[in-house]
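Hi there,

Here is the structure I promised to pass on to you.

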Amino acid sequence: MSKVIEIFGKSAFKSGENWVEVISKQQCVYSNKRCYKIRKSDPDTAIGSCTVLYGKDPSPIIICPTRLVERRQIFTDCFHLLTTHEPGNELHIVSEVSIPGGSVDFFLVSVKDSKVKDFVGIELQTLDTTGTVWPERQRLLKKLSVPRNDDAETSEKTFGMNWKMTAKTILVQMHHKIQTFEHVHKKLVLIVQDKLLDYMKREFNFDHLRSPASIGDSMHLHAYRLDAQLDKSYKIALDSRLSTDADGIGICLGLQAEARIELEQIIEALQAKISAATLFTPV
């Protein structure tokens, strides 16, 4: 059995699909574009693997960020963070915007008379894999009776999950970007799967994050689970919401504002000793 359970946005368990056509078109059902994940050795072939089974007790793990935009639910779930949005304003979803601190995947924007009135930044993060998913992908195609250009399904090569690097990298990125959002008094939301959040909670200091989330915080974290449906497909559902601020993300990373606290202590000690007797006048 293949560990790939969703390909090009389609459940491998759902009956009635024309799999030869699905694989041939290489079209992502969520972006309505050709899957952007291509083979380095064959740029004409999109990999298309969205979700895989992984772990001792195998559970679905999303490995493609685009999978998270299903039904655009993640944007609906950020609507309440548009605190100055008013009835009559248009809503826009703008992708890949560069800001100080890096690029942001999406912005949910409130617009009136072609003018931006409010916005929320939205970042997507799924698990990065190690090794190669390709043999598992080819095993799925074999099971689905789809012709293949190689016999990679016979390979013993496998894949793993880069839990630590994925989690630390996105937290560092959020620490950089949230500075900008706090400066302009706006919100930034990180969208992850519940499995990744569970790992973050175990490996990093998350005890101080507010749950449920507070609308006043600048940094929000929305975690989604994958629910199996009666037709054997999967559907994302909001599982939990947390929130914090820039200092809070620093604490998650172990930065804990120690340098800032120590600086304040040194300054306080110096100011206590400053007097006319300590005045220095260069000759």
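Lys177, leaving aside its neighbours within four places in sequence, is in contact (heavy atoms within 4.5 Å) with Ile99, Gly101, Gly102, Ser103, Val104, Glu123 and Leu188. This lysine is found in helix H4, residues 163-183. Helices here are DSSP runs of H or I with at least four residues, strands are runs of E with at least two, and both are numbered from the N terminus. Lys177 counts as buried because its relative accessibility is 4%; buried means under 20% relative accessible area, with exposed over 50% and partly exposed in between, using a 1.4 Å probe and protein chains only. A polar atom of the Lys177 side chain lies 2.6 Å from the backbone oxygen of Ser103.

Before going further, the ground rules. This is a predicted model, where local features need pLDDT of at least 70 and side-chain atom pairs count only at pLDDT 80 or more, while totals for chains, interfaces and linings use all residues. Residues are numbered from 1 along each chain as its sequence is written, and side-chain values use heavy atoms, with hydrogens and water left out.

Next, strand E15. This strand covers residues 219-228, and seven of its 10 residues are buried. Strands count as paired if DSSP finds at least two bridges between them. On one hand, E15 pairs with strand E14 (residues 187-193) in the parallel sense over six bridges, and His220 in E15 is the bridge partner of Val189. Together with helix H5 (residues 194-203), E14 and E15 make a right-handed β-α-β unit; right-handed means that, with the strands pointing away from the viewer, the path from the first strand over the helix to the second runs clockwise. On the other hand, E15 runs antiparallel to strand E16 (residues 234-244), joined by 10 bridges. Arg225 stands opposite Ala237 in E16. The hairpin of E15 and E16 has five residues between the strands, and Lys232 takes a positive phi there, near 75°.

How many cavities of 30 Å³ or more does a search of the whole structure find? The search finds one. On a 1 Å grid over the protein atoms alone, a cavity is a set of points where a 1.4 Å probe fits but cannot get out, and lining residues have an atom within 4 Å of a point. Points are joined across faces, edges and corners, and a volume is the space filled by probe spheres set on them. The largest cavity has a volume of about 40 Å³. Its lining includes Leu171, Phe206, Met219, His220, Leu221 and Cys252. E15, E16 and helix H6 (246-252) are the elements that give two or more residues to this lining, and the largest share, three residues, comes from E15.

Helix H3 (residues 134-143) is also mostly covered, with seven of its 10 residues buried. Among them are Trp134, Glu136, Arg137 and Leu141. The cover over the buried residues of H3 includes strand E1 (4-7), helix H1 (19-25) and strand E13 (159-161). After H3 comes Ser145, with a positive phi near 60°.

Finally, there is an open sheet of four strands in the order E2-E1-E7-E8, with antiparallel pairing. Its edge strands, each pairing on one side only, are E2 (10-11) and E8 (59-62). E1 and E2 pair over two bridges, and Ile7 stands opposite Lys10 in E2.

Best wishes

Definitions and conventions. Polar contact = N/O pair within 3.5 Å; in protein donor to acceptor, adjacent residues only side chain to side chain. 1 Å grid on protein atoms, 1.4 Å probe; cavity = no way out; pocket = protein on both sides within 12 Å on 5 of 7 lines; lining within 4 Å.
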